[in-house]
Amino acid sequence: MTNRDLQLLKEIVDTFIPRCVPEYVTEAFGETTREIEHPLDDEVKGKLDSIKNAMRDEDDDYRIFYFADEIKDIWKLIIQKSIKCLRYFDSREPYLENQSKHPVAYGVDELSNYFDKYIKFESMLYGGGKYYRDHVIHVFRVWLLGLECLLDDDGNYLKRIIIQRGVQVNSLEKISIWSMIALTHDLGYPLEKAQGIIDQTKDMMKSFISNPSVSMDLSFNGIQNNMNDFVVRFISSKMHEVDNKCPKEESSDNEKKYVARLQPKYYFKFQKSLEGYNHGILSAIIIYKLLRYFLESDFNINEDYPFDEEESRQFYIRREILRTIASHTCHDIYHLDMLSFAFLLIVVDDAQEWGRKRISELYVNKDSTYEFISIVPTFDIGESDHGKEKIKIHSLEVKEKFSFKNQSDLRGTLLSLYKQCKGYKEIFRDGQDTTRRNFTFEKHCEIVYEGAKTIKFCVDLIISNEDRPRFTITTSCDTKKPLESFGLSFFKKVYDKFDVQETEKKPSGKEFTYEITDKSE
């Protein structure tokens, strides 16, 4: 089995960059050769190539941690180049017109200093909860996995990604947007978990102090609350086209004009997310405050403050980064569009499980293996009607595989997969305007249990744009008898808080299908 990290690096360095990047440069500049910095330029490619060449197919999933220092440097470099690329194509800046000037990514050093502290604090967080996992190498892997989805099939997914209807964003800008999202989406994680550490410290101190007092808390106040509220308003707003006669200093052109308007449902949901210290919204606030690129955003929701087309475009680019990061931990927001970075982040962030040991596993030899197989997007598989509009339907399929020798590990994984399923059903739920949903989501997990006889469990989650979501488990074995131990009573014990029904039985008696549903549904 090829090391998954090595496989991703090979695809991106040896195939996708040589095939796609020249096309994206031509798209941006025509036949004129211009060299600009971007997240997949020769410098980044060389550093990725260096890690790739130092890895082997037979390396285990933890080999990449040997390159943590190199990855930290790449993390900073990619963010720098992403900001420079986005600034370069901002027509309000001088770089398209004046080739002697070059954009600078101000604030990245400060963000990198925060990331250094994040890395140091991460070692403490491994003791902050038995389910804590790595979030440093993880974001690099999320970036790679997202690039694999976006750039496969000659960049078909990347070309289809939409920032906002009517807003044109070139492919180099889209790659920069994805890079910013993927590499910074978990920066707020230590702050989310720190309160739990404080609570555990208080609880431990009760063993020798009757009423322990730990004065530290993580509350915001005063000017901090005002600043945070401004960021939340920014990511909760949209542009609305207005009459060109809208007041503006000596404006006499015919260019479209826009005003920013708050979307109340987004605003309240993100406020609630901030109240709960969810790390997505905290990450968005961190990069807004530390990176000059966001501090220089043009934003005002007053009706007499109009924006021109480029100002509106730049607003949406910045909002896409911040809203995508904030949304990935805010389940109050539901998703209708597969052709968005918000959808992609949720899927690849959830899929990146290989090589992420929990503290509860560090000192235990588990007789189990995990293999991430694939994420496969498929486009234009059908159409649905939304009034006079035809909605093209797409699909995304995730596949993974487990093997176990211990029945307790099997039970724990089966329960965990259903909890994960509930999360997907929540964020891909029906709601207002869901007739516009343009995707079917499927997750297939094959589990091989090696007991007295090998038994296979095929765990399938299907969320359709036309039918109710379904979570089913199909058991199969070469002989009938072993399945008697893994029948309806077994699943009712595993899913004791849910409804379990046998929905299908093959005449051979060697295959059964069970559907699990929440009693509240």
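In what order do the seven strands of the open sheet stand? The order is 3-4-5-6-7-9-8, and the pairing is mixed. Two strands pair if DSSP finds at least two bridges between them. Helices (H or I, at least four residues) and strands (E, at least two) are DSSP runs, numbered from the N terminus.

Before I go on, a word on the source. This is a predicted model, in which local features need pLDDT of at least 70 and side-chain atom pairs count only at pLDDT 80 or more, while totals for chains, interfaces and linings use all residues. Residues are numbered from 1 along each chain as its sequence is written, and side-chain values use heavy atoms, with hydrogens and water left out.

Cys 458 stands opposite Thr 474 in strand 7.

Helix 13 (residues 341-351) packs on the sheet and touches strand 3, strand 4 (389-404) and strand 5 (439-450). Touching, or contact, means heavy atoms within 4.5 Å. The direction of helix 13 makes about 160 degrees with that of strand 3. Axes are lines fitted to C-alpha atoms, for helices over the stretch in contact, and angles run from 0 to 180 degrees between N-to-C directions.

Next, a helix pair. Helix 9 (residues 264-275) and helix 10 (residues 279-290) pack at about 95 degrees, with axes 8 Å apart. That makes helix 9 roughly perpendicular to helix 10, a term used for 65 to 115 degrees. Phe 270, Ser 273 and Leu 274 of helix 9 meet Ile 281, Leu 282 and Ile 285 of helix 10.

Last, the core. The largest nonpolar core has 147 residues, and Trp 143, Tyr 157, Trp 178, Phe 441 and Tyr 495 have the most contacts inside it. Such a core is a set of buried Ala, Val, Leu, Ile, Met, Phe, Trp, Tyr and Cys residues joined through side-chain atoms within 4.5 Å; buried means under 20% relative accessible area, with a 1.4 Å probe and protein chains only. Helix 5 (residues 137-160) gives the most to this core, 13 residues. Buried residues make up 51% of the 521 residues in the protein chain.

Technical notes. Buried < 20%, exposed > 50% of the residue type's maximum accessible area, 1.4 Å probe, protein only. Parallel < 35°, antiparallel > 145°, perpendicular 65-115°, else oblique.
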